[in-house]
Amino acid sequence: MAKSVDDLDSSAGSGTPDTADLVAREEQVFGENPLDVRESDHYTHEYVGSFVEKWDELIDWKKRYESEGSFFIDQLKARGVRSVLDVATGTGFHSVRLLEEGFDAVSADGSPQMLAKAFSNGLTYGGHILRVVHADWRWLNRDVHGEYDAIVCLGNSFTHLFSERDRRKALAEFYAMLKHDGVLIIDQRNYDSILDSGFSSKHTYYYAGEDVSAEPDYIDEGLARFKYTFPDKSEFFLNMYPLRKNYVRRLMREVGFQRIDTYGDFQETYHDAEPDFFIHVAEKK
Ligand code: SAM
């Protein structure tokens with residue numbers, strides 16, 4: 001059963017810092033050398049309250065709605081999906097979209113601040129009561145119960161895992177929570193193009209806020225550190241692992257997914273260097 005937002009404290013798992021401490025903390029913490037921060041646990045220190053409050057400026061719900069269109073909804077409906085677990089709820093954009101479309105959605109995330117914001121966004125946008133669960137992907141089955149027709153992990157979230165072991169663990173947890181014919185949808189930035197030929201995002205799809213810049217601050221094969229600058233000049237950073245497209249496809253296959261289709265900026269055909277984002281649609285059957 002999904003827990004309510006009131007249960008956030010009690011569901012914090014091993015490796016997750018104390019919830020009250022996190023909610024109170026407003027500053028991002030990267031320590032003396034931010035380029036050394038390459039840990040899967042660090043995301044909870046990056047999505048601090050002040051950044052979460054600004055996240056919706058960054059992603060601009062209305063523009064995102066327009067640019068995504070019905071891509072994810074169509075993918076799910078085409079497979080007869082009813083129940084969906086949104087494992088990277090963030091501020092709730094996709095969870096709200098799924099509820100609007102009549103799906104039976106549960107909203108999980110490892111960041112209590114994100115879940116609190118998602119819950120309030122659900123009420124604001126359409127009066128939806130989100131069923132939120134505080135859960136880290138690596139221990140998903142411990143905190144979320146039941147089986148789902150689909151799992152979505154969107155908004156370049158999988159990139160927060162820094163070790164292959166963590167990626168395999170998370171994918172295995174997703175696989176286990178899907179019904180025998182379930183589907184997993186994961187999207188990611190086109191890091192191949194950033195690593196191989198530099199950054200050239202047209203800011204068209206996800207990070208569509210007009211006065212917000214999202215750009216790489218540092219890139220190597222093991223770290224993509226992005227800087228987000230807001231109109232009030234505030235700056236935030238995210239340290240992420242630059243996933244190569246074919247590497248993610250291989251991991252999904254090795255975990256057991258039978259068929260993986262990868263779209264580029266929502267299109268079936270594309271030249272590898274062009275899309276800003278790749279979307280992997282992986283079927284279990
Ligand atoms: N899907 C949302 C969107 O598109 O706006 C949020 C995207 S945000 C880039 C990434 C989200 O993944 C954050 O809310 C973060 O807390 C969550 N996250 C990162 N690593 C996680 C993990 N190991 N377990 C659970 N959630 C995680």
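Q: Where does Arg97 sit?
A: Arg97 is part of helix H6, which covers residues 93–100. Keep in mind that this is a predicted model.

Q: Buried or exposed, that Arg97?
A: Arg97 is buried, because its relative accessibility is 7% and the cut-off for buried is under 20%.

Q: What does the side chain of Arg97 make a polar contact with?
A: With the side chain of Glu101, at 2.9 Å.

Q: And which residues does Arg97 touch, not counting those up to four places away in sequence?
A: Leaving those out, Arg97 touches Tyr65, Gly69, Ser70 and Ile73.

Q: OK, switching to the ligand. How many residues are around it, and which come nearest?
A: There are 21 residues around the ligand. Those that come nearest are Tyr47, Arg64, Ala88, Asp109 and Leu154.

Q: Take Ala88 from that list. Which of its atoms lies 2.5 Å from a nitrogen atom of the ligand?
A: A backbone N or O atom of Ala88.

Q: What about Asp109?
A: There the side chain is involved: one of its N or O atoms is 2.6 Å from an oxygen atom of the ligand.

Q: Where does Trp137 come in?
A: Through its backbone, where an N or O atom lies 3.0 Å from a nitrogen atom of the ligand.

Q: How much of the ligand does the protein bury?
A: The protein buries 99% of the 590 Å² that the ligand exposes when taken alone.

Q: Last one: what kind of space does the ligand take?
A: A cavity, and the largest one.

Technical notes. Residues are numbered from 1 along each chain as its sequence is written. This is a predicted model: local features need pLDDT of at least 70, side-chain atom pairs count only at pLDDT 80 or more; totals for chains, interfaces and linings use all residues. Side-chain values use heavy atoms; hydrogens and water are left out. Helices (H or I, at least four residues) and strands (E, at least two) are DSSP runs, numbered from the N terminus. Buried means under 20% relative accessible area, exposed over 50%, partly exposed in between (1.4 Å probe, protein chains only). A polar contact is a pair of N or O atoms within 3.5 Å; within protein, one must be able to donate a hydrogen and the other to accept it, and residues adjacent in sequence count only if both atoms are side-chain atoms. Contact means heavy atoms within 4.5 Å. A residue is near a molecule or strand if one of its heavy atoms lies within 4 Å of it. Accessible areas come from the Shrake-Rupley method with a 1.4 Å probe; for residues, only the protein chains shown count as cover. On a 1 Å grid over the protein atoms alone, a cavity is a set of points where a 1.4 Å probe fits but cannot get out, and a pocket is an open set with protein on both sides within 12 Å along at least five of seven lines; lining residues have an atom within 4 Å of a point. A molecule sits in a cavity or pocket if more than half of its atoms lie within 2 Å of its grid points.
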